[in-house]
Amino acid sequence: MNTLLNSRKSLFGPVHFYKRALLIALPVMGQLLIQNMVTLIDNFMVAGLGDVKMSGVNIAGQINFIFLIFINAICISGGIFISQYNGAKNSGGMQQAYRFKLIIGLVAGLIYTCICIFFPRPFLSLMVHGNMASEEIIEEGIRYMRMLAPSWIPTVIANTTGTSLREIGRVKPPLLISVTATCVNTFFNWILIYGNLGAPRLETSGAAIATVIARLTEMTIFLLYLNRVKPPFVFKVIDFFKVNWKLFFSIFRKSGLILISEMSWVLSETVTTALYNSRGGAEVVSGMAAGFAIANLFFVCFNGIGTATGVILGSTLGANKLDEARKQKNWLLSGSLVFGVFGTVIGCLTVFIVPLVFGNLSSAAQEVTRSLVLLNAAYMPTWAFINAQFAVSRTGGDAALGARVDLFVNCCLVVPCMFLLTKFTTIGPVALYGVIKLTDAVKIAGCAVGLKKERWVKNLTLQEG
């Protein structure tokens, strides 16, 4: 009986533990909320140009999302080591992990910039195959991608720096810098999309230029902050290539597993997006885009959960307090589920902003948007819990767990079932999305089994060097 009571009590931690988690998570969520507000503002302003132009920006955004997930995976990989080296008070290790993020991120950013300039059409065509307005949408997407291309190197530098600051517990500076970048983006959107203050009316190209200006501003402020404050992960520019190759490739091996996990997920999402885009015309593409733009406002809780888990659990593991880490794992998983329930409530409330933000879209597109927002809100507890499970396993270096689970579910269940549902049913795009997301129950079960094996309970700072 006492054992049962103790196991129940261990599901939730003390109040001060969750206060600490919220102090880490809320600024991260605030920063990402502001960044997602940029996307929402872009969508709001571009929506005034009609379904086709908004659809063009959306399909470009879906391709860009793949690149951003790649960079996020690199940041997660380096961040695992930054968090643990921070717990071990090892600044040299933190510098090597930050250097890893920058080297891989900048190479990827350069390659993707070239793709956006020279080869956008083949990728955009995949997103609207079978759509009745595909050619018009693709032309808008090409224009937008090419104008946005100069933003990717600044984006890499800003993302790698912002995540590194969060991983050592400095969550407020990235928030304030994002607020500044958002204000810059909004201001230039207003000027360039519709031609205010005597500027030319550039429409979707104006939205891209505004984003480039904002990303350059964000990068510049981050670099000035690093030069002034000099957090422990920062190194001199002349030391950029002083790489500890043993540690570099150790991080790279773990990043490979995380990349498999993240990229299998984002590619399956891209395939499903292309399939539900085939269920109509521009109203489906723009309606789904608007729905995700709003849903991203409450999806920020996933990043808050991941960062709080990485900072708290990473510091505990890095300090070699393994038994304490086991307790914190249970507290974080239970807390994430409760957090997800709050996300559902907030998500349902956001449906009321659809006519305010996207009133210029067609009525059919708005109906798609409302349905998608409510569906995403219903799934919030499930997704919050899955994100916490993945964060726990990765923080302890067990990236293979997420890779195995994601690869199996996405490749063996999501994509094949989506093709079957598209071919043999006539259900609409939102229903397609809702049915296929039932496969996330398999992810929860797979992660639960993997976490019980406790391969994540290890101090990486004692194993890598």
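Predicted model: local features only at pLDDT ≥ 70, side-chain atom pairs only at ≥ 80, totals over all residues.
**Fold, surface and an enclosed helix**

Me: What share of the residues in the protein chain is buried?
Reply: With buried taken as under 20% relative accessible area, such residues make up 58% of the 465 in the protein chain.

Me: Why can the protein chain be set beside a compact globule?
Reply: A compact globule of 465 residues would have a radius of gyration near 23 Å, and because the protein chain has 22 Å, the two agree. Taken along the principal axes, the box filled by its C-alpha atoms is roughly 60 × 55 × 35 Å.

Me: Which secondary structure elements does the protein chain hold, and how many?
Reply: The protein chain has 18 helices and zero strands. Among its contacts between residues at least 6 apart in sequence, 85% join residues at least 24 apart.

Me: Why is helix α17 called largely enclosed?
Reply: Helix α17 spans residues 429-436, and six of its eight residues are buried, so the rest of the structure largely encloses this helix. The buried residues are Pro429, Val430, Leu432, Tyr433, Gly434 and Ile436.

Me: What covers the buried residues of α17?
Reply: With contact meaning heavy atoms within 4.5 Å, the cover includes α10 (245-277), α11 (282-318), α14 (363-378), α15 (380-395) and α16 (399-424).

Me: How far apart are the mean positions of the positive and negative charges?
Reply: For the 38 positive and 21 negative charges of the protein chain, the mean positions are 12 Å apart.

How values were computed. Residues numbered from 1 in each chain as written. Heavy atoms only, no water. Helix = DSSP H or I, 4+ residues; strand = E, 2+ residues; numbered from the N terminus. Rg over C-alpha atoms; globule rule 2.2 N^0.38 Å. Buried < 20%, exposed > 50% of the residue type's maximum accessible area, 1.4 Å probe, protein only. Lys, Arg positive; Asp, Glu negative; His and termini not counted. Charge placed at Lys NZ, Arg CZ, Asp CG, Glu CD.
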